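Trainee: Before we start, could you take me through a few packing features and how to read them?
Mentor: Gladly; let us look at the model together.

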Amino acid sequence: MNIVDPMTSNTLRMSTLFLRTLREDPADADVDSAKLLQRAGYIRKAAPGIWTWLPLGLRVLNKIEAIIREEINGIGAQEVHFPALLPREPYEATHRWEEYGDNIFRLKDRHQADYLLAPTHEEMFTLLVKDMYSSYKDLPVTLYQIQTKYRDEFRPRAGLIRGREFIMKDAYSFTIDEEGMRKAYYDERGAYERIFQRLDLKYVPVFAMSGPMGGSASEEFLAPMAIGEDTFALAPSGKAWNVEALHTPELPEVDASHTPAMDTRETPDSKTIEALVDTANRLYPREDGREWTAADTLKTVAITVMHAEDEDHDKPWREVIAVAVPGDRQVDMKRLEAQFAPAEIEESTEEDLKAHPEMVAGYMGPMVFGRQGEAAGVADPVRFFVDAHVVKGSDWIIGGDETGKHRFHAVYGRDFEADGVVEAVEVRHGDMSPDGSGPLSFERGVEIGQVFQLGLKYSKALDLKVLDQNGKAVPVWMGCYGIGVSRVLACIAETHHDETGLAWPSVIAPAQVHVVATGKDDKAFEGAEKLVEELEANGVEVIYDDRKKVSPGVKFKDAELIGVPTIAVVGRDFVNDGTIEIRDRDGGNKVAVPADEAVKTLLERL
Ligand code: ATP
Ligand code: MG
């Protein structure tokens, strides 16, 4: 018999494979993928959020990378490879050396020069293209790499899902105009869909915060699962949004022709919405018999927008604004901040408010802000914004701008106007979806990829220009596109397992068939050896449990833990009547076939 040569063969022999499976879950593993990938010997923890790849893990990782390469090469992108260790300067030019805060690993070389371990590579790609290209004729070009990234995550968790060292595919497109950028974006997006489908990983493209340029400039691909840290809102149409990107559909105006005139009333000790509703019901019961509720009140809050320096300001500056939201809804600072990006916001501090005596704590209302503030004689009134749920004609109890006073029947569009409409409140289960297809529901997911129309941000910051057809130097339009490769592997493990172990989709399993030889009889091992050899001759990747003196029970447990899709058992039945048992990893589809038909049966099943 022609024994398979262990030095050149593609078969993993359990007798020599560098593997030690664990019966118990590692103490600090917090999610199933982290438990099982360690127990089954795919990865090993080196430090918090930092992982060592073992032979089995590396095989799966390589297969995922191969699928990504195929699809990304397929859209005409070219692979390059940058260093992970980079100098400070390019990140200084885009302000990210500071902006990343504690999230990057910074280090010094022996000459005290600053370096970092790259968290992502926009700067380097931009500079590379700048270095080599100078004409519109050179474009479009899309470059990518599959490379190790470093982020000093505050809380590394969930094994490979949030690591401090992790593997990312990052691609960057360079085009002469906006239209080209969009095409590159949709090409990349299409490749993402094919990648995740081939990997059998469920995904939802989620409209992400698109920043100040508006439109659908970015989408995140989320793998829906309960352990996810990201919440997304799902419409009945199947469209999904990340909560920061959700916009409230236009709500119908209210007819205010019968709303009484606005009047100011005494409302002692009514600083909170709860106290105000109580006061209103006690002192001013409604004529229609229903009670006043928080939804009848307009809560006005003082927010400080922290602007960067601009033409009129030679250093960063703080602008106090007022934002009004329905009293029954909470302000969502993240959603609100998205409206003012790239500026950040915070609740106004006491210091900020010293300059604004018109803003009376607990009794703040719209009448002293914006246009109506001007009319009321306030010098230089602050800008005033309403949340999108405040519709024209709606009737509110608003702050009276004096301690112990509120105004009743203040109508938006009649008594006060706003300088703008913003998304300022938390989205609720049941709110109408932006596309009007019905009420929103919320799900959790893990971000596995993101596609981004960057526009001119990096080309401007790093002065990447090319000459256009008229010989004029113009900035290059860019897009960037990431996939968390090691995170994807963990997400597949997270969604493909049962209580006994992993259950890989066959395209990325470390092997297609797990051959188990059992019993003390050499005949079984000879039969298994022959099967392995024939499978290998047919190009099938095999894990072969050729361990002597290991019980069948242990071998079966290991096979289930490792998670190869098909298991073939060569044991007592083979010795007695020459049959081999073939079954799926989950025990299903079990058949016993004569040994000489085993290869044919297996090939048909694969
Ligand atoms: P997150 O919001 O999860 O921190 P991100 O939006 O900061 O991710 P990107 O900068 O968009 O991440 O990076 C591209 C991809 O890299 C992400 O879509 C994700 O799949 C992956 N990724 C990001 N951070 C990590 C990490 N700490 N560990 C593993 N993968 C990561
Ligand atoms: Mg992202």
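**Reading the packing**

Mentor: The buried residues of helix H8 pack against strand S15 (298-307), strand S16 (317-326), strand S17 (344-347), strand S18 (383-387) and strand S21 (420-422), where contact means heavy atoms within 4.5 Å. This is a predicted model, in which local features need pLDDT of at least 70, side-chain atom pairs count only at pLDDT 80 or more, and totals for chains, interfaces and linings use all residues. Residues are numbered from 1 along each chain as its sequence is written, chains are lettered from A and ligands numbered from 1 in the order in which they are written, and side-chain values use heavy atoms, with hydrogens and water left out.

Trainee: Which residues of helix H8 (residues 333-340) are buried?
Mentor: They are Arg335, Leu336, Ala338 and Phe340, buried being under 20% relative accessible area with a 1.4 Å probe, protein chains only.

Trainee: How do the axes of helix H2 (residues 55-74) and helix H6 (residues 178-198) cross?
Mentor: Two packed helices are described by the angle between their axes and the distance between the axes. Here the axes of H2 and H6 come within 9 Å and cross at roughly 150 degrees, which makes H2 roughly antiparallel to H6 (angles over 145 degrees count as such). The residues that meet include Ile67 and Ile68 in H2, and Ala191 and Tyr192 in H6.

Trainee: Is Gln145 buried or exposed?
Mentor: Gln145, in strand S8 (residues 141-150), counts as buried because its relative accessibility is 0%. Its side chain reaches the backbone nitrogen of Phe82 at 2.9 Å.

Notes. Buried < 20%, exposed > 50% of the residue type's maximum accessible area, 1.4 Å probe, protein only. Helix = DSSP H or I, 4+ residues; strand = E, 2+ residues; numbered from the N terminus. Axes fitted to C-alpha atoms, helices over the stretch in contact; angles between N-to-C directions. Parallel < 35°, antiparallel > 145°, perpendicular 65-115°, else oblique. Polar contact = N/O pair within 3.5 Å; in protein donor to acceptor, adjacent residues only side chain to side chain.
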